[in-house]
Amino acid sequence: MSDDTTMTIRQMCDTYDVTPRTLRFYEAKELLFPIRQGTKRLFTRRDRARLKLILRGKRFGFSLEEIRQLLDLYDVGDQQATQLAKTYELAKHRLDDMVHQREELDEAIDDLKKQLEWGAKRLEELHAKSAAE
């Protein structure tokens, strides 16, 4: 497929493993701008690039509003320097948040393991006491 070729909604869904509803939602949120031919939507190379960035941003935990703002910076006219700088800044903050969440999750896992160990010992004691009676 050449870069100039448009894709139908079905082709987009198959290629990017998304649903038609997802694509329509992104269009409604002004993240994608397919060509409309009656009820048919045709997605351009630019739409495909934007969808890749949207999906990557979602995977990293960016909000749709953050993604929209970053995509809008593409047209600033400074060879994407502003877009890249803002993306870098947001990504740095997101990474810090993710590391913090992982630390909290690791702590919660350790606490739960200790509680399970205590519970297992307590159950053994109760079963032993029951058996002895």
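Trainee: Which residues are buried in helix α4?
Mentor: Leu64, Ile67, Leu70 and Leu71 are the ones buried there, in a helix that covers residues 64-72. Keep in mind that this is a predicted model.
Trainee: Okay, and where do those buried residues sit around the axis of α4?
Mentor: Looking down the axis, they fall within an arc of 125 degrees, so they line one face of the helix.
Trainee: What covers the buried residues of α4?
Mentor: The cover includes α2 (20-28), α3 (45-59) and α5 (81-132).
Trainee: Switching to the sheet. What's the order of the strands?
Mentor: The order is β1-β3-β2, in an open sheet of three strands with antiparallel pairing. β1 (7-8) and β2 (35-37) are at the edges with a single partner strand each, so one side of each has no neighbour in the sheet.
Trainee: How many bridges are there between β1 and β3?
Mentor: Two, with the strands antiparallel, and β3 takes in residues 40-43. Methionine 7 has phenylalanine 43 in β3 as its bridge partner.
Trainee: And how many join β2 to β3?
Mentor: Three, again with the strands running antiparallel. Isoleucine 35 is opposite leucine 42 of β3.
Trainee: What about the hairpin those two make, how many residues are between the strands?
Mentor: Two residues, and glycine 38 in that hairpin has a positive phi near 70 degrees.
Trainee: Back to helices. At what angle do α1 and α2 cross?
Mentor: Roughly 105 degrees, and the axes of α1 (residues 9-16) and α2 come within 9 Å. The two helices are therefore roughly perpendicular to each other.
Trainee: Which residues make the contact?
Mentor: From α1 it's Ile9, Arg10, Met12 and Cys13, and from α2 it's Pro20, Leu23 and Arg24.
Trainee: Last one: is glutamate 27 buried or exposed?
Mentor: Glutamate 27, which belongs to helix α2, is buried, because its relative accessible area is 17% and buried means under 20%.
Trainee: What is glutamate 27 in contact with, leaving aside neighbours within four places in sequence?
Mentor: Leu32, Pro34, Arg36 and Arg41 are what glutamate 27 contacts once those neighbours are set aside.

Definitions and conventions
Residues numbered from 1 in each chain as written. Predicted model: local features only at pLDDT ≥ 70, side-chain atom pairs only at ≥ 80, totals over all residues. Heavy atoms only, no water. Buried < 20%, exposed > 50% of the residue type's maximum accessible area, 1.4 Å probe, protein only. Helix = DSSP H or I, 4+ residues; strand = E, 2+ residues; numbered from the N terminus. Arc of directions from axis to C-beta. Contact = heavy atoms within 4.5 Å. Pairing = 2+ DSSP bridges. Axes fitted to C-alpha atoms, helices over the stretch in contact; angles between N-to-C directions. Parallel < 35°, antiparallel > 145°, perpendicular 65-115°, else oblique.
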